[in-house]
Amino acid sequence: MKKAVITGSTGSVGRAIIDKLVSENVEVTVLYHRGSKRIDGIPSNELVKKICCSLDEMKDFVPEKNNYEVFYHLAWAGTTGAARFDADLQLKNIEYTLDAVELAKRMGCRKFIGAGSQAEYGLCDKPLTPETPTFPFTGYGMAKLAAGQLSRLKCRKLGLNHAWVRILSVYGKYDPENSVIKSAVKKFKANEKAEFSKGEQLWDFLSAKDAANAFYLIGCDDEHNEKTYCLGSGEAEPLREYIEKIHELCESRSEIDFGAIPYSYNQVMFLQADISELTKDTGFVPEVDFETGIKELLD
């Protein structure tokens with residue numbers, strides 16, 4: 001891979017993908033949202049080009065060149081709070097995904113890679129595989145599921161290779177400040193009391209650096225087409241143990257109040273990826289364990 005396009009580049013995974021592509025000497029064109037407050041955080045590099053193109057502008061966007069290879073589509077509107085249940089907004093995201101496929105074709109790409117979500121599955125008590133039945137209960141999860149399926153059909157029609165990557169819990173230095181990991185680190189470093197749920201959830205955390213490597217390897221793979229992958233570390237531990245490890249690594253004196261925050265409605269209590277198919281197809285193996293990942297974040 002020599003030239004790639006990416007949307008949703010200012011998010012945790014998107015930023016990490018840019019870092020990975022640049023490290024592999026890949027030219028990256030970033031399509032960013034009009035009025036984005038985080039675009040200045042994208043690194044200045046001769047390999048990185050930034051173009052303003054919001055989700056609702058992709059349909060009519062005319063690229064200057066059509067010699068790209070891989071299109072990474074991570075941009076999505078309404079990922080948190082009440083917006084996850086906004087049917088009209090989530091329907092728009094499906095349309096935007098299909099617009100992104102058509103734009104990928106106009107830009108000369110051979111492959112379209114979309115970012116899915118564990119929310120497509122709903123509640124499950126077994127490791128998630130591409131074949132695990134999907135029963136999403138949020139508009140966000142429903143839209144992600146539909147976007148993955150319909151973008152596959154659109155790619156088939158246009159002659160593009162297609163991959164859909166269902167992301168579990170990714171953490172890293174580009175996380176928003178209100179993420180579980182970042183907020184815990186902030187509290188612990190300030191030695192402030194920190195409140196959490198009981199932390200009984202079995203969770204699968206993957207470093208953003210590993211996630212970016214997985215997306216890179218999928219982009220380099222020309223052999224497999226129309227594949228859906230689950231992206232995580234492949235291992236699950238109680239959320240409480242992750243939090244206690246962060247507390248230890250921060251050398252914090254903070255009091256931790258487990259149980260102060262009630263579980264949310266339809267709380268996901270088990271989340272683990274089966275990455276065997278991803279490993280078989282691309283050779284992907286997570287390299288950053290949780291302790292190392294947190295140490296890197298603290299550094």
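Tutor: What follows is a set of questions about labels and the values behind them.

Tutor: This is a predicted model, in which local features need pLDDT of at least 70 and side-chain atom pairs count only at pLDDT 80 or more, while totals for chains, interfaces and linings use all residues. Residues are numbered from 1 along each chain as its sequence is written, and side-chain values use heavy atoms, with hydrogens and water left out.

Student: How do you know how many disulfides there are?

Tutor: A disulfide is a pair of cysteine sulfur atoms within 2.5 Å, and a search of the whole structure finds 0 of them. For cysteine 124, the closest cysteine sulfur is that of cysteine 230, at 9.7 Å, which is too far for a bond.

Student: What makes cysteine 124 partly exposed, and is cysteine 230 buried or exposed?

Tutor: Buried means under 20% relative accessible area, exposed means over 50%, and partly exposed lies in between, with a 1.4 Å probe and protein chains only. Cysteine 124 has a relative accessibility of 22%, so it counts as partly exposed. Cysteine 230 has a relative accessible area of 1% and is therefore buried.

Student: What makes the seven-stranded arrangement an open sheet, and in which order do its strands lie?

Tutor: Strands (E, at least two residues) and helices (H or I, at least four) are DSSP runs, numbered from the N terminus, and two strands pair if DSSP finds at least two bridges between them. The 7 strands form an open sheet in the order E3-E2-E1-E4-E5-E6-E11, with parallel pairing. Its edge strands are E3 (48–52) and E11, each of which pairs on one side only. Neighbouring strands of this sheet are turned by 20° against each other on average, direction ignored, where axes are lines fitted to C-alpha atoms, for helices over the stretch in contact, and angles run from 0 to 180 degrees between N-to-C directions.

Student: How do you know that E6 pairs with E5 and with E11?

Tutor: Strands E5 (residues 111–117) and E6 (residues 161–167) share 7 bridges in the parallel sense, and 5 bridges join E6 to E11 (residues 227–231), also in parallel. Within these pairings, phenylalanine 112 has histidine 162 as its bridge partner in E6, alanine 115 stands opposite valine 165 in E6, and tryptophan 164 stands opposite threonine 228 in E11.

Student: Why is E6 called mostly covered?

Tutor: In E6, 7 of its 7 residues are buried. In a regular strand the side chains alternate between the two faces of the sheet. On one side of E6 lie Asn161, Ala163, Val165 and Ile167, on the other His162, Trp164 and Arg166, and all of them are buried, which means that both faces are covered.

Student: Why is the unit made by E1, H1 and E2 called right-handed?

Tutor: A crossover is right-handed if, with the strands pointing away from the viewer, the path from the first strand over the helix to the second runs clockwise. E1, H1 and E2 make a β-α-β unit of that hand, and E1 and E2 pair in the parallel sense over 5 bridges, with valine 30 in E2 as the bridge partner of isoleucine 6. E1 also pairs with E4 in the parallel sense, over 4 bridges, where phenylalanine 71 is the partner of valine 5.

Student: Why is tyrosine 72 called buried, and what does it touch?

Tutor: Tyrosine 72, found in strand E4, has 0% relative accessibility and therefore counts as buried. Contact means heavy atoms within 4.5 Å, and, not counting residues up to four places away in sequence, tyrosine 72 touches residues including Val5, Leu21, Ile113 and Phe215.

Student: Why is lysine 182 called buried?

Tutor: Lysine 182, in helix H4 (residues 180–189), has a relative accessibility of 11%, so it counts as buried. Among the residues that lysine 182 touches, again leaving out those up to four places away in sequence, are Tyr174, Asp175 and Leu297.
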